[in-house]
Amino acid sequence: MASIPVPDISLGAIAPEITLALTAVVALMLEVFAEKKGRDHIAYISLVGVIVACFITFRLAGDPSWTTFSGLYVVDRFGQFFKLICLLGTGMTILVSVKYNKDEGIDNGEYYALLLFATSGMLFMVSGSDMITIFMGLEVMSISLYALAGYTRKRARSNEASVKYFILGSLSTAFLLYGIALIYGSTGSTQIDIIAKAVSSGSGVEAVLDLGIVMLMIGFAFKVSAVPFHMWTPDVYQGAPTPVTAFMSAGPKAAAFAAFFRVFNVAFPSLQADWWVIIWILAVATMTVGNVIALLQNDVKRMLAYSSIAHAGYILVGFVAGGALGSSAIMYYMLVYTFMNIGAFAIVTVVGRKGEEKTKFSDFTGLGYRYPLMAVALVIFLFSLAGIPPTAGFVGKFYIFMAALKHGYVYLAVIGVVNSVISIFYYLRLSVMMYMQDEPGEDLPPLVFAPSLIAVMIVAIYGSLWLGIMPAGYISFAQSAFLAL
Amino acid sequence: MGAVAVGIAGAMLMLSEFLGPKHFFREKMEPFECGENQIVSPKQRYSVRFYLIAMFFIIFDIEAVFLFPWAVIFQQLGMFGFIEMMIFILLLGVGLIYVWKKGALEWE
Amino acid sequence: MLTINHFLALSAILFVIGVVGVLTRRNVIVIMMCIELMLNAVNLTFISFAYYLGDMTGHVFVFMVMAVAAAEAAVGLAIVMALFRNRETVDVDRVSLLKH
């Protein structure tokens with residue numbers, strides 16, 4: 001019997017993923033074999049794993065793009081950039097979690113293992129050049145997130161969040177998968193560059209292909225929480241433990257956008273004339289609905305959930321614009337967004353105290369006088385989210401709307417700018433709230449700032465300010481990353 | 001021809017349904033337990049432990065799906081396939097160790 | 001004579017039944033069964049296309065989908081168990097703390 005040749009396998013290409021998965025296994029084993037006391041070391045071991053993965057990713061980013069695993073996996077700067085964003089989100093989340101988890105009594109190894117497994121799924125997803133890799137990465141990420149959303153399992157809200165996330169997430173997975181199946185049927189392949197060839201030569205069955213693309217789009221729209229597929233976002237973000245919410249709003253979203261962008265720009269560029277209209281409508285609806293409903297919220301976590309929907313809308317604007325400009329704008333924006341959003345959630349973790357009972361707007365009154373430094377940090381994050389200069393959020397929005405203008409989507413850019421103006425209201429409302437002199441009737445215990453949380457805040461402030469003042473290096477890196485796609 | 005056959009068969013089933021005598025009494029309506037009287041009501045709740053076992057079963061059972069194709073072409077795959085599969089099984093083993101140490105396999 | 005269209009139609013019908021079930025049923029366990037039905041409808045699509053095209057990729061994909069579906073079902077059951085222990089219900093209509 002003839003032996004089957006071994007396909008080209010380069011374990012070096014997936015070394016970041018392997019590192020993360022192995023660290024997760026170590027975390028699990030420490031959970032069951034180590035002493036019950038003092039669980040902090042599991043968090044720090046996980047952090048080391050993330051940093052090592054970062055270094056490996058950085059080294060791989062220098063090379064020109066190449067594929068391995070018989071075309072299942074591609075190493076290119078586009079993917080490596082998004083991987084760094086995901087790893088950054090995970091690293092910051094681990095630091096936010098340390099104190100929170102101890103307070104809530106969930107400082108287990110499983111928590112960090114799930115975070116790391118989710119991250120390795122994201123990394124596979126952003127580097128997948130075949131639907132199989134993208135799908136497997138997406139599922140590894142999603143299934144870990146379902147469990148993480150319900151991690152405080154004694155808390156009814158957390159349960160509810162995870163049930164809702166599970167049901168709607170699985171539904172969207174099924175849609176995505178059906179889309180992949182139909183595209184496979186009409187083009188005869190699941191590899192995205194072969195799909196591109198079949199699509200541009202017109203050899204596919206058109207009706208099946210179109211239905212498949214629409215299904216695929218629905219699946220991705222769910223994952224990036226674009227309106228009208230955003231229903232799960234507010235509930236899940238509010239119910240999940242705050243560090244998990246911070247995590248979900250950054251890395252998984254970046255990974256989903258990266259895969260969304262890669263699939264549509266590599267596999268279906270010849271149909272761009274057909275699908276940009278749909279993305280255009282999604283972008284406008286997502287921005288507008290997210291911002292308008294955020295105005296009405298009284299819970300900070302829920303407000304940030306709607307704001308994250310609105311930010312998905314801005315990123316979709318960059319998606320419509322496309323090209324090197326649009327893509328580098330998306331990449332820069334996702335990076336900035338990771339810094340400022342996790343920073344904001346880190347402060348919500350502190351103010352929320354034990355059991356997360358203090359996440360209403362009214363719980364933030366007077367914080368500006370009692371904790372001036374923390375209040376200034378939150379104001380920086382909120383201004384950055386709103387896109388007020390000189391923060392990084394402003395530069396990010398500027399590049400996105402410029403990209404839309406350059407490619408002739410004037411109305412889209414105008415709607416985007418109007419939306420950013422609307423968004424200033426609710427971000428400002430929270431900032432003003434903190435500086436209102438309103439002594440609460442009850443005597444609350446003072447807020448506790450753990451060293452790990454201070455570290456996160458410093459990193460986040462650095463990101464939200466420095467990237468705004470000196471954006472050129474990051475932008476040019478992002479642009480070179482797209483050109484290599 | 002086929003239509004006639006289906007029609008006749010259907011008509012016979014329908015007629016017996018409409019014309020046949022029907023007697024409902026309590027014993028007849030009970031679930032059938034080998035002709036014996038019912039001991040416990042079938043409507044009781046299952047212990048939550050069954051769900052736990054079901055979860056582990058689903059996970060560990062479905063992994064066999066990858067083992068069968070591997071076993072069929074084991075000879076052709078050579079050493080490479082063997083090592084790959086051992087890594088896979090090792091990872092499953094890690095999962096098993098975790099579940100075991102957590103005490104999820106204890107019935108009581 | 002059975003053609004690929006019959007299989008595709010069957011899987012489309014199964015998929016739609018699953019979607020309708022997820023949207024209308026109230027019991028989380030039944031919803032999970034409907035999701036499982038949707039995934040299996042997709043598997044059927046993959047297999048019929050793979051047979052029609054004479055290509056192995058579809059088969060490989062089905063294996064992956066089966067493994068993922070199992071993991072999803074296990075996590076889903078765990079979530080439902082946690083829900084039931086807290087709330088004594090598996091009815092999604094009665095799970096609605098998170099409204100603003």
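In what order do the elements of chain C run from the N terminus on, and how does chain C sit against chain A?

Mentor: Happy to! Please keep in mind that this is a predicted model. Starting at the N terminus, the elements of chain C follow the order α-α-α. That gives 3 helices and 0 strands for chain C.

Let's take the overall form next. Along its principal axes, the C-alpha atoms of chain C occupy a box of roughly 50 × 25 × 25 Å. The radius of gyration of chain C is 17 Å, whereas a compact globule of 100 residues would have one near 13 Å. Of the 100 residues in chain C, 35% count as buried. If you take the contacts in chain C between residues at least 6 apart in sequence, 48% of them join residues at least 24 apart.

Now for the side facing chain A. Here 33 residues of chain C are in contact with 37 residues of chain A. On the chain C side, the elements giving two or more residues are α1 (4–24), α2 (28–53) and α3 (57–87) of chain C. The most comes from α3(C), with 16 residues. By type, the chain C side of this contact splits into 24 nonpolar, 6 polar and 3 charged residues.

While you are in chain A, have a look at A:V244, which lies in helix α10 (residues 242–267) of chain A. A:V244 counts as buried because 31 other C-beta atoms lie within 10 Å, and 20 or more is enough for that label. Beyond its neighbours within four places in sequence, A:V244 touches A:L148, A:A149 and A:Y151. A:T90 is 154 residues away from A:V244 along the chain, yet their C-alpha atoms are 9.9 Å apart.

One last check is confidence. Chain A has an average pLDDT of 89, and 96% of its residues score at least 70. Within chain A, helix α5 (residues 131–149) has the highest mean, 95, and helix α19 (residues 472–483) the lowest, 77.

Definitions and conventions
Residues numbered from 1 in each chain as written. Chains lettered and ligands numbered in written order. Predicted model: local features only at pLDDT ≥ 70, side-chain atom pairs only at ≥ 80, totals over all residues. Contact = placed C-beta atoms within 7 Å. Helix = DSSP H or I, 4+ residues; strand = E, 2+ residues; numbered from the N terminus. Nonpolar A, V, L, I, M, F, W, Y, C, P; charged D, E, K, R; others polar. pLDDT = per-residue confidence, 0-100. Rg over C-alpha atoms; globule rule 2.2 N^0.38 Å. Buried ≥ 20, exposed ≤ 12 C-beta atoms within 10 Å, placed from the backbone.
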